[in-house]
Amino acid sequence: MCSARRTAVLLFIVATMLGAAPAGARDPVGAACGTASPELQPLAKVVNTRDTTYHCLGVSVDAHAEIVAIRFETHSAAEAGGARVRSFTPDEIARTQGVVLDGTPGHDAVILQGDIVAGQPSTTLHLKFLHNGITGEFYQCAVTLDHTEGAPWRLGNRRPDAFPVVVVRTWAMPFFGTVGIDTVEGICP
């Protein structure tokens, strides 16, 4: 698919999502993922250019605001009546292979790895994503999570006044379909 067509598809998806609410209504992009509690702090909504599936990325915290898990909630047509929620502990994320956020068995597409150290106000994790499924080429970038005393955790590159939307731009080949991920906008440069 040519770059102009990919851009048009992405703009259509985002415009459809943003245009779903009447003027003056709450922003539907963040609404599905923006519900916070003392134990759950949302970080971002993740959409892609492949389909209408979206994910809510957040952190589960303890009474001292320490991260006890990264929470990845998947909403898709296949999850009729609900969402699939997976939580990954700091120990699981710290493993050499990290944790698989997205992909199919045997075809890990998005992997998160790194150390979350208790008592630290910031951490940098590594997001590794399958750029080319034919050659097995992965790209990697840093994901910074930080917080200040009394404030929720957030993506380090997030504007303080906006709920971030991360766009996973996929690329495809005729007859093969989706082959890989071009970039993860909002996290990777």
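Leaving aside its neighbours within four places in sequence, Leu145 is in contact (heavy atoms within 4.5 Å) with Leu43, Val59, Ile67, Ile70, Pro121, Ser122, Thr123, Leu125, Trp153, Arg154 and Leu155. Together with Leu127 and Val184, Leu145 has the most contacts inside the largest nonpolar core, which has 31 residues; such a core is a set of buried Ala, Val, Leu, Ile, Met, Phe, Trp, Tyr and Cys residues joined through side-chain atoms within 4.5 Å, where buried means under 20% relative accessible area, exposed over 50% and partly exposed in between, with a 1.4 Å probe and protein chains only. A second, separate core of five residues includes Val47, Tyr54, Cys56 and Val167.

The model is predicted, with local features requiring pLDDT of at least 70 and side-chain atom pairs counting only at pLDDT 80 or more, whereas totals for chains, interfaces and linings use all residues. Residues are numbered from 1 along each chain as its sequence is written, and side-chain values use heavy atoms, with hydrogens and water left out.

Most residues other than glycine have a negative phi.

The protein chain averages a pLDDT (the predictor's confidence in each residue, from 0 to 100) of 80, and 79% of the residues score at least 70.
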